[in-house]
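Please consult the sequence and structure shown here while reading.

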Amino acid sequence: MAKYHQLTVNEVRRETRDAVSLRLEVPDAEREYFEFLPGQHLAMRATIDGESVTRTYSICTAPRDGEIRVAVKRDPQGVFSTFANERLKAGDVLEVMPPEGSFVLRFSPDNRKHYLAVAAGSGITPIMSMIREGLAAEPRSSFTLVYGNRSAQNMIFREQLEDIKNEYMGRFTMVPVMSREQTDIGLFHGHIDGDKCRELLQHWIRDDVDECVICGPEPMIQAVSETLREAGVPRDRIHYELFTAPGEALERRRQRAQDTSIDHSMVQVEVRVDGQRYEFELARNTESVLDGGMSVGAELPHSCKSGVCSTCRARLVEGEVEMDVNYALEDYEVEAGYILTCQSLPVSSRVVVDYDQ
Ligand code: FES
C-alpha cells in the first residue's frame, strides 16, 4: 500500500489572485516513488488548526520538467485550499502520497495525433502537464486547448500557455472561453456546454480529433463528451476527470440508509491493509467499506471520498459490493476486481477487501 512521504514545499508561487502553485522537493532517495505520468495527481495531508485534512491536487508540471508542482485554487469553503493560498510558505512540510490516477496520456515520438483538451478553471492543472509533455514528446502531434474561465484574470497559467504557444508555433492552439468578459470573437464568450462545443467544432477546431481529454465540472464533461461522440469521436478516445466532487452520491446514500424497505442487516467485513487484518460488522447498503474500516482503527488511504481521486482503491477478494459512483477507475480495473472503497457498500453477507494488492 502506498504511504505518505514528508515533502518540503520549496516554492509557493502565486498564479492568480486566488490560486497558487506549490513546488515539492522530492529527496533523491524517494524519487522512485514520485515518478508520474502526465495527468496524475497527489493526495496531500496537513494538520490545519489541529485537524488532519487530506486533499488531492493534480500535478501541473510534465515528467520531463524534473520537478513536481501542483496548483491549488482557493475555494472559499475549502480548508486546505485556503490554508495553501494564505498560510503555506516555502520550507513547510506536507505529507504527500505517491502520484496516482488513470486520467493519463501516454506519448510516443512516432505518433502524429491531434489532441483536443477541454478544461474549465483549475481543471487546467492535469491538462497542463499533458500539453507540456505531449508537445515535447511527440514532435509531429498538435494540441487544441479549449479553456473556460470567468475572465482572463482568472486564467491559471495564462503566461505559461502564451509561452507554449510561442514555443510550439503551429502545434498549439488555445481557444479561451470567457463567461464574464466580452471578447472580440462572440464564439469565445459564454460557458463550455454542448452548443458551444458544437459551434467550436464546426468553426474553430480541426475535426481530426484523435484523443480528447476533459477536466472540469460534471455537467461540462457530460456535455462535451456527448457532443464529441455525436461528432464521431469514439468513446474510448474521450478521457475525462471530474474536478469537483459530486454531492448527489452522499445524498443518495443518506436517503438509502433511511429507507426502511431496503435490507440493512449486518454483514461481516474483513479489511487487509499493510499486512494487518481488521474484522468488523457493517450494515448492508448503508456505510462504505472505507468508513467502516476507519471506524475500527484501520489507517486506510483516502482523499476526496467522492469517487474521484482513486486514493482509496483496493481489491475485492471476496463477496459483493455496490459502488455509488465511480469517476476514477477504468473498466479494466473494475473487471480486475478493484473498487473505490469510499463508494463501496457491502451487499453480500461477507466481504473481504485487500488494500495491499
Ligand atoms: S477517496 Fe477519492 S475515490 Fe475514494
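## Burial and overall form

A residue is counted as buried if 20 or more other C-beta atoms lie within 10 Å of its own. By that criterion, 40% of the 357 residues of the chain are buried. The model is a predicted one.

The chain contains eight helices and 18 strands. Its radius of gyration is 21 Å, close to the 21 Å given by the globule rule for 357 residues, so the chain is as compact as a globular protein of that length. Along the principal axes, the C-alpha atoms occupy a box of roughly 60 × 50 × 40 Å. Among contacts with a separation of 6 or more, 68% join residues 24 or more positions apart.

## Helix α2

Helix α2 comprises residues 124-137. At 1.5 Å a residue, its 14 residues should span 20 Å, and the 19 Å between its end C-alpha atoms agrees with this.

Because 12 of the 14 residues of α2 are buried, the helix is largely enclosed by the rest of the structure. The buried residues include Ile 127, Met 128, Met 130 and Ile 131, and also Arg 132 and Glu 133.

## The nonpolar core

In soluble globular proteins, nonpolar side chains tend to be buried together. The largest nonpolar core of this chain has 86 residues. The members that touch the most others are Ala 117, Ala 119, Ile 127, Ile 131, Val 213 and Val 224. Ile 127 and Ile 131 are also among the buried residues of α2.

Which residues does Val 224 touch, not counting those up to four places away in sequence? They are Val 118, Ile 192, Cys 197 and Ile 214.

How values were computed: Residues numbered from 1 in each chain as written. Predicted model: local features only at pLDDT ≥ 70, side-chain atom pairs only at ≥ 80, totals over all residues. Helix = DSSP H or I, 4+ residues; strand = E, 2+ residues; numbered from the N terminus. Expected span 1.5 Å × (residues − 1). Core = buried A, V, L, I, M, F, W, Y, C linked by C-beta atoms within 7 Å. Contact = placed C-beta atoms within 7 Å. Rg over C-alpha atoms; globule rule 2.2 N^0.38 Å.
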